Amino acid sequence: MDWDKLRIFHAVADAGSLTHAGDHLHLSQSAVSRQVRALEESLNATLFHRHARGLILTEQGELLFDATRAMLKRLDAATARIRDSEEEVFGELRVTTTTGFGTLWLAPRLTKLYDKYPDLKIDLMLEERVLDLPMREADIAIRMKEPSQADLIRKRLMSVHMCLYATRAYITKHGAPERVEDLQNHRLICQNPRSAQVGAAALLVRELATNDISSLLTVNNYFGVLQGVLNGLGIGVLPDYLIRDFPELERVLPEIASNEVPVFLAYPEELRHSKRISAFRDFVQEEIIAYRKKMREQAVG
């Protein structure tokens with residue numbers, strides 16, 4: 001099959017429109033349409049259902065779209081490796097991690113990375129779904145459990161525990177609970193245990209809920225939980241990596257904590273020699289070392 005026709009087909013399938021695909025490819029709508037028709041004729045198959053609102057892939061079209069998507073990802077990987085043979089760190093790096101870790105820990109620290117590598121372009125994808133690194137849905141991942149996918153280089157960065165926190169202002173006004181049963185007199189702010197999150201956090205929330213807590217605010221990510229706590233709404237279940245960056249938080253009921261949650265960095269074996277991967281990996285490791293040092297200093301102080 002002609003690669004140009006496949007490339008145009010992929011753009012049309014991705015856009016769902018001949019016009020939008022043409023704009024992306026800098027081709028006229030009629031030129032795009034001719035190439036798609038020629039591809040359908042060479043395959044003796046209909047690839048799109050056409051209607052007034054746009055184009056929908058047929059079953060045969062879906063099969064071909066899956067193939068072209070995989071081909072483009074492999075081409076992206078090859079292009080990245082060729083570019084990474086040069087000395088400079090530049091180009092796009094697709095980083096995936098959870099919404100909580102990405103917004104609360106990683107994003108505020110990226111200034112240091114950009115200061116060192118101003119030509120780097122980071123696409124930060126924050127979601128609880130585990131993206132497929134070997135299929136190049138992302139280049140590098142920071143996850144709250146050890147990745148199970150094959151052909152990945154992985155490194156354990158640190159461990160996290162979910163604990164209970166409130167602001168000093170809240171504690172001054174409402175007092176601190178002295179035992180877990182006292183949570184009945186406070187509003188608990190946490191992730192909904194049915195939302196996508198690490199199992200240790202959901203288990204802790206379910207255990208706390210057995211104490212017949214009368215007032216509850218659930219949010220589907222830790223950024224929302226943190227905002228509720230910072231604004232004095234109650235006591236929140238939050239990851240302990242927030243303590244350094246939010247000194248107004250104080251831990252309550254220190255005997256309560258989730259099981260250990262490991263934090264892993266992972267990337268495909270084929271990107272082992274990528275300059276962009278190395279730059280990001282070294283940056284994260286340096287920030288983790290600085291974080292641990294600061295936590296030790298605070299513990300001693």
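Mentor: One term to start: a salt bridge is a side-chain nitrogen of Lys or Arg within 4 Å of a carboxyl oxygen of Asp or Glu. This is a predicted model, where local features need pLDDT of at least 70, side-chain atom pairs count only at pLDDT 80 or more, and totals for chains, interfaces and linings use all residues. Residues are numbered from 1 along each chain as its sequence is written, and side-chain values use heavy atoms, with hydrogens and water left out.

Trainee: How many salt bridges are in the whole structure?
Mentor: The search finds 16. One of them pairs Arg109 with Asp245, at 3.0 Å from N to O.

Trainee: Where do Arg109 and Asp245 lie?
Mentor: Both are in loops. Arg109 is between α5 (99-106) and α6 (110-116), and Asp245 is between β10 (235-239) and β11 (249-251), so the pair ties together parts 136 residues apart in sequence. Helices here are DSSP runs of H or I with at least four residues, strands are runs of E with at least two, and both are numbered from the N terminus.

Trainee: Is Arg109 buried or exposed?
Mentor: Arg109 counts as buried, at 6% relative accessibility. Buried means under 20% relative accessible area, exposed means over 50%, and partly exposed is in between (1.4 Å probe, protein chains only). Asp245 is partly exposed at 30%.

Trainee: What about Glu250 and Arg168?
Mentor: Their side chains form a salt bridge at 2.7 Å, N to O. Glu250 sits in strand β11 and Arg168 in helix α7 (residues 168-174), so this pair ties together parts 82 residues apart in sequence.

Trainee: New topic. Where is Thr167, and what does its side chain reach?
Mentor: Thr167 is in strand β7 (residues 162-167). Its side chain reaches the backbone nitrogen of Tyr170 at 3.1 Å. That is a polar contact: a pair of N or O atoms within 3.5 Å, where, within protein, one must be able to donate a hydrogen and the other to accept it, and residues adjacent in sequence count only if both atoms are side-chain atoms.

Trainee: Buried or exposed?
Mentor: Thr167 is buried, at 7% relative accessibility.
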